[in-house]
Amino acid sequence: MRSSKSRGAALLLSLWALFLLAALVMSWALNIDSRLNLSGSENRILEAQAMAASGAEVAIAPTIKPNSPNLQGKFGPRQSYSARITGEGGRLNLNWLVAGENPVRIEMLRQYLEVKGIDLNERDRMIDCLLDWVDPDDLVRLNGAEAGEGYQPANALLVRIDELKKVKGWETFTSAPGWDDELTVNSTGPVDMAWAPRDVLRALPGFTDAMVERFLQLRAGPDGKDGTADDTIFKNLDEIRSALGLSPEQFRELSPFISFNDSVLRVVSTGRSGDITRVIQLVFRRAGTTPQLITWKEF
């Protein structure tokens, strides 16, 4: 009887040992699987970043145009990139608008804010506060703001567009999604007619909605998209004048505020590896054979 009990206890101990061993093996296997999944995810992130960088490198090459097929690339079934080039000059350059306090340029900013649905009093405050932010003195404009408790204007032009978030009066505007889609501080200055979107064109002096719509349709071509193969190719500003239906005299009044094919461009390159996506956004100046990088952001 005692021998039978001993064998039973030994069997229970063996079973318990096997149970513990199985639990340890399962825990080890789960840990290894978790590490492999983590390693695979990290590898895909690196691959997606590499794909985005590849698209960016292709886009800044001197020979690449906005409608080039080389802006799309695929490597096997999992890795790919897609890059888009747009003209930075199509955005409103805030520094150019406020520098020197040119009344026509200031009116362009006022008109743009009106197009965006900003009411008169708010527009006046936003513009005066921005002028107080960039000017070198401490004199407060009627609707502006100079240094005070917890607030210190830079007394210099904007270094980057995100700095606008610090300017009084602009809090609501800069909290909206996509608020900076049509603004910049990196272009040459005058509005690039090859890339300006609808609301930027509507801010130009003398432009009517009918003129804007006619020009946009002609510029984009049958597919209605800028930067594609069917776009109307303008060779110079005079061809744009004809497209707008302006007389030479009318165009001379407009010419200080517009440009054509600004050398500063923006690239947004999206890289993918499996279900992982990474984005690189850069602004560069195309000058000769060597691009000059202005900004680089990774998301």
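Colleague: Where is Glu101 found?
Modeller: Glu101 sits in the loop between helix H2 (94-98) and helix H3 (103-115). Keep in mind that this is a predicted model.

Colleague: And what is its phi like, positive or negative?
Modeller: Glu101 has a positive phi, near 50°, and Glu101 is a residue other than glycine.

Colleague: Is Glu101 buried or partly exposed?
Modeller: Glu101 is partly exposed, because its relative accessible area is 39%, which falls between the 20% limit for buried and the 50% limit for exposed.

Colleague: Which other residue has a positive phi although it is not a glycine?
Modeller: Asn261 is one, with a phi of about 55°. You'll find Asn261 in the loop between S6 and S7. Asn261 is partly exposed as well, with a relative accessible area of 49%.

Colleague: Staying in that loop, where does Asp262 sit?
Modeller: Asp262 is in the loop between strand S6 (258-259) and strand S7 (264-273).

Colleague: Is Asp262 buried or exposed, and what is the nearest side chain of opposite charge?
Modeller: Asp262 is buried, yet it has no salt bridge. The nearest side chain of opposite charge belongs to Arg285, 6.1 Å away.

Colleague: Then what does the side chain of Asp262 make a polar contact with?
Modeller: The partner is the side chain of Thr188, in a polar contact of 2.9 Å. Not counting residues up to four places away in sequence, Asp262 touches Gly89, Ser187, Thr188, Gly189 and Asp192.

Colleague: Let's change topic to sheets. What is the order of the strands in the open sheet?
Modeller: This open sheet has 5 strands in the order S1-S2-S7-S8-S9, and the pairing is antiparallel. Strand S1 (72-75) and strand S9 (292-298) are the edge strands, each pairing on one side only. On average, neighbouring strands of this sheet are turned by 15° against each other, direction ignored.

Colleague: How many bridges are there between S1 and S2?
Modeller: S1 pairs with strand S2 (residues 79-87) over 4 bridges, in the antiparallel sense. The two strands form a hairpin, with 3 residues between them. Gly76, in the turn, has a positive phi of about 75°.

Colleague: Which residue in S2 stands opposite Phe75?
Modeller: That would be Gln79.

Colleague: Tell me about Gln79, then. Is it buried or exposed?
Modeller: Gln79 counts as buried because its relative accessible area is 18%, and the cut-off is under 20%. The side chain of Gln79 has a polar contact of 3.1 Å with the side chain of Glu47. Leaving aside neighbours within four places in sequence, Gln79 is in contact with Glu47, Met51, Lys74, Arg272 and Ser273.

Colleague: Last one, the whole chain. How many helices and strands are there?
Modeller: The protein chain has 9 helices and 9 strands. Of its 299 residues, 40% count as buried. Among contacts with a separation of 6 or more, 53% come from residues 24 or more positions apart.

Colleague: Thanks, that helps a lot!

Technical notes:
Residues are numbered from 1 along each chain as its sequence is written. This is a predicted model: local features need pLDDT of at least 70, side-chain atom pairs count only at pLDDT 80 or more; totals for chains, interfaces and linings use all residues. Side-chain values use heavy atoms; hydrogens and water are left out. Buried means under 20% relative accessible area, exposed over 50%, partly exposed in between (1.4 Å probe, protein chains only). Lys and Arg count as positive and Asp and Glu as negative; His and the chain ends are not counted. A salt bridge is a side-chain nitrogen of Lys or Arg within 4 Å of a carboxyl oxygen of Asp or Glu. A polar contact is a pair of N or O atoms within 3.5 Å; within protein, one must be able to donate a hydrogen and the other to accept it, and residues adjacent in sequence count only if both atoms are side-chain atoms. Contact means heavy atoms within 4.5 Å. Two strands pair if DSSP finds at least two bridges between them. Axes are lines fitted to C-alpha atoms, for helices over the stretch in contact, and angles run from 0 to 180 degrees between N-to-C directions.
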